[in-house]
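Hello,

Here is the structure we talked about. Please open it and keep it beside this email as you read.

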Amino acid sequence: MSTGGGGGFRELTALFSALRRARLQHPAHAAQLHARVLVSAGTRPHPHPVLLAQLVSLYAAAGRLADALRAFRAHLPSANPRTYAVLVSALARPHPGLAFSLFSGSRRQLRPSPHVISAVLAACAGLQPLCGRQVHACAAKVVPPGDVFVYTGMVDAYAKVGDMESSRKVFDEMPSRGAASWNALLVGYARNKMCLETMSVFRALAAQGREVSLDQVSVSSVLSACTVAGALDFGRQVHACAAKVGLELSAVCVSNALLDMYTRCGCSRESLALLNAVGCRDVVTWNIIIRGCIHDNRFMEACVLFRSMVRTGTLPDDVAFATVLQASACMSAWAIGASMHASVVKTGFLDSDGVASSLITMYSKCGCLDDAHQAFVGAKDHLHVLSWTAMITALQQHGHGMQAIDVFENMLENGIPPDHITFVSVLSSCSHSGLVEQGRKYFDSMTQVHRITPWNEHYACMVDMFGRAGLLTEAKRFINQMRPKPDASVLGALLSACINCRDLEMAKEVANKLFVIEPGNTGNYVLLANIYASHGRLEEAKEVRRWMMFQELRKEKGCSLINN
């Protein structure tokens, strides 16, 4: 170097190291050091490769990714594998496509190092599965099979894009595996709802003994799989393993996972004992308890527990507010819901889509459609599909089908992609408003425009729509063209259509199918008896009711909830 020579180089590297140790990563420091690096280069067109790597690292740590990328491109000939690794790692999560492009470019200029490959694997989670396979092919050439760190990242990358077959293959081919390798596979199975595989991997991990010890990641992941699968017995065995290695109460995520499993599996005794034993209750712990109350229809208790959480000094999060608003909606408790609304505004959680949708649903179920609309308008700048769907559903349930469709069209104009639940409400609105052609158009758009595979609920809405419009033949033809086998909801809609169109023969045929699918549903017997009676065939109607009594089936009495 012409200015400063070796001393200038050593001075700059020492300065970079000092800033890194002191964690002084202010953007101004990076810009000032960038200028000094350029000065130190003198007449040379590019700075020393080590200084470029440190400069890019400092820019990335300061959050100035654009400047880091600009410096990298300006001095590309000086870039070494470390520079590529730093920049790819910094771009992996916010800009996965750009990180992968840099990786592809590095392959043409220098041999990718294990550090570069490890960095780009984090980006593959946000890209197509083919990208991960390309990185895998590159790794097979330059990374030895014994590199546990790189191949663990490969297991994780495949799992995050849902390719568990490839993830398992990489895991099986690893000559040695650490705890992180086992956790990557186990978490991948759990994240992809492959519960039996998750439990199988945990069983194999536990059999490793002292070679690979259980930790909070492996235990909490397998417990979540047990919760989803309802595998209470296996969950109890995991609980015993956690207690044996001292994770039962020492790790909050493990105790929360245990509490969630016992609560959702209906084991109130175990969940209460665990709750009393837990010394530290965070907001997740409280959320699990409150959600358990709602699951057991103890809505007032859920609201009381929410207040207890606040009194103990635990700050509620958006999940807590959404959960207690759900309890308020189930009780039609406007006063409680309105007070929660005030707390949401004060704490700044109105931007949360889950909270906004819960507010809309709460006001709607309390009969306050205007308040629901105000909550929708108040959070409109931050809304996502949940809140739009909640507003459409509220309008549909209050009999404003045309307005619900207008909101749906407005949602599409705002670029918000609908989901399955959105279309259930929209098709139901078309059904109750007699908009047959509009309903057909929306149903076809599910597959042709939005790439959404219809559920049985969507088919049931269409059958109900045809039945209300008197198009019974078309409803029957529509069911015959269904790809999935029609379930009770679709056949129930067809039975109601038969009654509306006074088609007794088809009603008997459909009712007999429903008696096989859901023999305990008294509503189907009552509908068949009513259609017999409407045709003057009172003896057949009495026979249906006698058959109900013989099976000890009783229609539950209707009731109304009135709040003073």
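Below is what turned up among the aromatic rings.

First, the ground rules. This is a predicted model, where local features need pLDDT of at least 70, side-chain atom pairs count only at pLDDT 80 or more, and totals for chains, interfaces and linings use all residues. Residues are numbered from 1 along each chain as its sequence is written, and side-chain values use heavy atoms, with hydrogens and water left out.

Rings of Phe, Tyr and Trp (its six-membered ring) pair if their centres lie within 6.5 Å; planes under 30 degrees apart are stacked, over 60 edge-to-face, the rest tilted. That rule gives 14 aromatic pairs.

Take phenylalanine 202 and phenylalanine 234. Their rings are edge-to-face, 6.5 Å centre to centre, with 75° between the planes. Phenylalanine 202 lies in helix H12 (residues 195-206) and phenylalanine 234 in helix H14 (residues 232-244), so the pair ties together parts 32 residues apart in sequence. Helices here are DSSP runs (H or I, at least four residues), numbered from the N terminus. Both phenylalanine 202 and phenylalanine 234 are buried, meaning under 20% relative accessible area (1.4 Å probe, protein chains only).

Now phenylalanine 443 and phenylalanine 478. This pair is edge-to-face too: 5.3 Å centre to centre, 65° between the planes. It links helix H26 (residues 436-448) to helix H28 (residues 472-480), with the two residues 35 apart. Phenylalanine 443 and phenylalanine 478 are both buried.

Best wishes

Key:
Buried < 20%, exposed > 50% of the residue type's maximum accessible area, 1.4 Å probe, protein only.
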